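I opened this notebook to record what I looked up in one structure. The entries follow in the order in which I made them.

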Amino acid sequence: AVLPDSSKTLLPECYQWLFGSNSPVANFYPRKFVVDMDGVKTPWGGMTLIPFIDPTGLLSAMEQAYGRGPALSPAEVQR
């Protein structure tokens, strides 16, 4: 469930609005966050410190998004 905002186009269109500021899960995707670099030797090895995602809230938001449309294609449903 962790995907940066810049990669939202990888999701079906109906789910992309979940990354917006009006999304019911917007607090799970902070625009600014801390990266813990303690003991890390490479720039990409840091641990992103973001809030835990409430799975029930995320599933509820996904149902809302699915209802808003556009509908998923048969290939997206199968995936």
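The entries below concern a serine, a leucine and a nonpolar core in a predicted model.

Entry 1. I first located Ser23, which sits in the loop between helix H1 (13-16) and strand E1 (34-36).

Entry 2. I looked up the surroundings of Ser23. A polar atom of the Ser23 side chain lies 2.7 Å from the backbone oxygen of Leu18. When residues up to four places away in sequence are not counted, Ser23 touches Trp17 and Leu18.

Entry 3. I turned to Leu18 and left aside its neighbours within four places in sequence. Leu18 is then in contact with Ser23, Pro24, Val25, Ala61, Met62 and Ala65.

Entry 4. Which residues make up the largest nonpolar core? I found 12 residues in all, among them Trp17, Leu18, Val25, Ala61 and Ala65. H1 and H2 are the elements that give two or more residues to this core. H2 gives the most, with three residues. I noted as background that nonpolar side chains tend to be buried together in soluble globular proteins.

Entry 5. I looked up Leu59, whose place is in helix H2 (residues 55-68). Leu59 has a relative accessible area of 52%, and exposed means over 50%, so Leu59 is exposed.

Note on methods. Residues are numbered from 1 along each chain as its sequence is written. This is a predicted model: local features need pLDDT of at least 70, side-chain atom pairs count only at pLDDT 80 or more; totals for chains, interfaces and linings use all residues. Side-chain values use heavy atoms; hydrogens and water are left out. Helices (H or I, at least four residues) and strands (E, at least two) are DSSP runs, numbered from the N terminus. A polar contact is a pair of N or O atoms within 3.5 Å; within protein, one must be able to donate a hydrogen and the other to accept it, and residues adjacent in sequence count only if both atoms are side-chain atoms. Contact means heavy atoms within 4.5 Å. Buried means under 20% relative accessible area, exposed over 50%, partly exposed in between (1.4 Å probe, protein chains only). A nonpolar core is a set of buried Ala, Val, Leu, Ile, Met, Phe, Trp, Tyr and Cys residues joined through side-chain atoms within 4.5 Å.
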